[in-house]
Amino acid sequence: MEANKMSTGRLPAAFLTPGSSSFMDFLSDHSPQLLPGNRKLPEGIVEAPHGTTIVAATFPGGVVLAGDRRATMGNMIAQRDIEKVFPADEYSAVGIAGTAGLAVEMVKLFQLELEHFEKVEGATLSLEGKANRLSTMIRGNLGMAMQGLAVVPLFAGWDEGKEKGRIFSYDVTGGRSEEHGYAATGSGSIFARGSMKKLYREDLTEQQATTLVVQALYDAADDDSATGGPDLARRIFPIVTVITDEGFRRLTEAESSELARSVTERRLEQPDGPRAALL
């Protein structure tokens, strides 16, 4: 039996005794071809489904992260019910915009990265540490991004040290910025951000914060064809998640449908949405 094999003869010893708390570093050492950024692209124009708008807003006691359900491929709707918001761990979540396939794969690797760190170190990363790890992963995808396959997520979570919800946005190079109050990414982000800019307050309740992000997604869908609004006929509604000191929670289908229906019904009276005070 080879010296680097365990007694089972199935796995190299290095696989069972990793020297790094980073799963990405471990994968880079042993199977670098599995990393998304190391894949070889096919020749010619690459057409792939793209996820669109993700929004987030903080409130006293936590943060809300939400996304629409539409994926596009050029001027076509590739999927109407894609999921773009995922738990990263118990106290954080990530919403994806950009090339859908690569983004979902990156999220799965990010989840493994955080789980691997916790198992090796016996402790969880700080929220800042998680945001930095995600930044490194995005930077590793820069080659793909330069060829049109970009992944630009929005990361949010509960900071146990500072006892508040926080939001981090990224660019295609992995550059990280902390957003205060609210944030948006994706093709409809400019419209969603404008909506939240007029409606956001620092003293929002959790219920008001979830309503705010759905209003923002509705406004984004109103002006951006790549963003999908609530689809009452097909019962497809935005995914809305809340992260507090009690952890990650995704609104149930009943909760999200009730919220989306209430916003839609009010839009029948005010198609352009709620009015903000002039002063």
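**Exercise 1.** In what sense do strand β3 and strand β13 pair, and over how many bridges?

*Solution.* Keep in mind that this is a predicted model. Start by finding β3 at residues 62–67 and β13 at residues 239–244. Line the two up and you get antiparallel pairing over 6 bridges. For a spot check, pick V63: its bridge partner in β13 is I243.

**Exercise 2.** Work out the strand order of the open sheet, then say which strands are at the edges.

*Solution.* Walk across the 5 strands and you read β12-β2-β3-β13-β14, paired antiparallel. Now look for strands that pair on one side only: those are β12 (182–185) and β14 (247–250), the edge strands. Going from one strand to the next, the twist averages 15 degrees.

**Exercise 3.** Which strands does helix α7 lie across?

*Solution.* Take α7, residues 206–223, and trace what sits against it: β2 (54–59), β3, β13 and β14. Relative to β2, α7 runs at about 155 degrees.

**Exercise 4.** Describe how helices α3 and α4 pack, and sort the residues of their contact.

*Solution.* For α3 (residues 100–121) and α4 (residues 127–140), the angle is about 135 degrees and the axes are 11 Å apart. The pair is therefore oblique. As for handedness, α3 passes α4 in a right-handed crossing. Next, the contact: from α3 come M106, L109, F110, E113, L114 and F117, meeting K130, R133, L134, M137 and I138 of α4. Sort these and you have 8 nonpolar, no polar and 3 charged residues.

Note on methods:
Residues are numbered from 1 along each chain as its sequence is written. This is a predicted model: local features need pLDDT of at least 70, side-chain atom pairs count only at pLDDT 80 or more; totals for chains, interfaces and linings use all residues. Side-chain values use heavy atoms; hydrogens and water are left out. Two strands pair if DSSP finds at least two bridges between them. Helices (H or I, at least four residues) and strands (E, at least two) are DSSP runs, numbered from the N terminus. Axes are lines fitted to C-alpha atoms, for helices over the stretch in contact, and angles run from 0 to 180 degrees between N-to-C directions. Contact means heavy atoms within 4.5 Å. Angles under 35 degrees count as roughly parallel, over 145 as roughly antiparallel, 65 to 115 as roughly perpendicular and the rest as oblique. A crossing is left-handed if the near helix is turned anticlockwise from the far one by less than a right angle, and right-handed if clockwise. Ala, Val, Leu, Ile, Met, Phe, Trp, Tyr, Cys and Pro count as nonpolar, Asp, Glu, Lys and Arg as charged, and the others, Gly among them, as polar.
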